Amino acid sequence: MMLKKYKWTWMLLGLALIMAVYLMWGTVFASKEKLPEIREIQSFSMENVDGSTVSLDDTKGKVRLFYFYFTSCPDVCPITTFTLSQVQDLLKEDDTFGKDVSFVSISFDPKVDTKEKIKEFADRFHADYNGWYFLRGDMDQTKQLAKDSFQILIEGENKDDFAHMNMIGLVDRNNQLRKVYNAFNTEDVEPAVIAEDIRTLIKE
C-alpha cells in the first residue's frame, strides 16, 4: 500500500539516481579520454643557457612543455613564463619536475638573447635549471621549428617588429605533440589545468 501511494515519488527518485550514475560515469570516462597525437616534433639542436648543446633526443623520455619567446618582449612572454613557473612549482610538489617533466623555452632572438641575458630573464621567474632548458639557436631554424612542429607563427627580424603567436606546446615522452595551449586565454593556461594534463601524460 505504501509503495502504491508513493509510486511517483519512488519513480522520480529512481530516475534521479539513474541520472546521477549516468553523469558520474560520463565524467569518469571523459576525464580518462586520451589527448590526441597531433604530430611528431622535428629534431633540433641548440645552445642551452649553461653553454651545453641540447637536442630533441636529450629531452626525449619526459613529458615536455615548449614555449617560444624573446627576453625583450614587453608583455606576453614574461606573463606566460610566470605561468610556466607556477606549473613548475606545482610539479615540484609531487617530485615529477626534472624527473618526469621538462620545460623547453626557446628564444627566437639569438642576436639579443645571449646566455647571460637569458639567464637574467629566467632567474626572474625562479626557473629550476634541473628541469627547465632555455635554448637559443639560428633564428630562421627556430621559426621553422615553431611553425612546422607547433603551428606557431613568428614574424619579424628584431625586438622592434616581432609578432608571434603566444602558445605553449605539450609534448609526450615519444616526441608527439598532444595539446597546444592558447596563452592569451587565461582559462586555457590555468597552472593547475596544465599540471593535470602533464600528470595524465606521465601515467600513459
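Guide: A residue is buried under 20% relative accessible area, exposed over 50% and partly exposed in between, with a 1.4 Å probe and protein chains only. On one side of β4, V63, L65, Y67 and Y69 are buried, and on the other R64, F66 and F68 are buried, so both faces are covered. This is a predicted model, in which local features need pLDDT of at least 70, side-chain atom pairs count only at pLDDT 80 or more, and totals for chains, interfaces and linings use all residues. Residues are numbered from 1 along each chain as its sequence is written, and side-chain values use heavy atoms, with hydrogens and water left out.

Visitor: How many residues of β4 are buried?

Guide: The count is 7 of the 7, so β4 is largely enclosed by the rest of the structure.

Visitor: With which strands does β4 pair, and in which sense?

Guide: Strands of a sheet pair through backbone hydrogen bonds, either parallel or antiparallel. Here two strands pair if DSSP finds at least two bridges between them. β4 and β5 are parallel over 7 bridges, with Y69 bridged to S107. β4 and β9 are antiparallel over 4 bridges, and L65 has L170 of β9 as its bridge partner.

Visitor: In what order do the strands of the sheet stand?

Guide: The open sheet has 8 strands with mixed pairing, ordered β1-β10-β9-β4-β5-β6-β2-β3. β1 (39-40) and β3 (53-55) are at the edges with a single partner strand each, so one side of each has no neighbour in the sheet. Helix α4 (residues 76-93) packs on this sheet, touching β4, β5, β6 and β9; contact means heavy atoms within 4.5 Å.

Visitor: What does the side chain of N166 contact?

Guide: A polar contact is a pair of N or O atoms within 3.5 Å; within protein, one must be able to donate a hydrogen and the other to accept it, and residues adjacent in sequence count only if both atoms are side-chain atoms. The side chain of N166 makes such a contact with that of Y67, at 2.5 Å. N166 lies in the loop between β8 and β9 and, at 1% relative accessibility, counts as buried.

Definitions and conventions:
Helices (H or I, at least four residues) and strands (E, at least two) are DSSP runs, numbered from the N terminus. Axes are lines fitted to C-alpha atoms, for helices over the stretch in contact, and angles run from 0 to 180 degrees between N-to-C directions.
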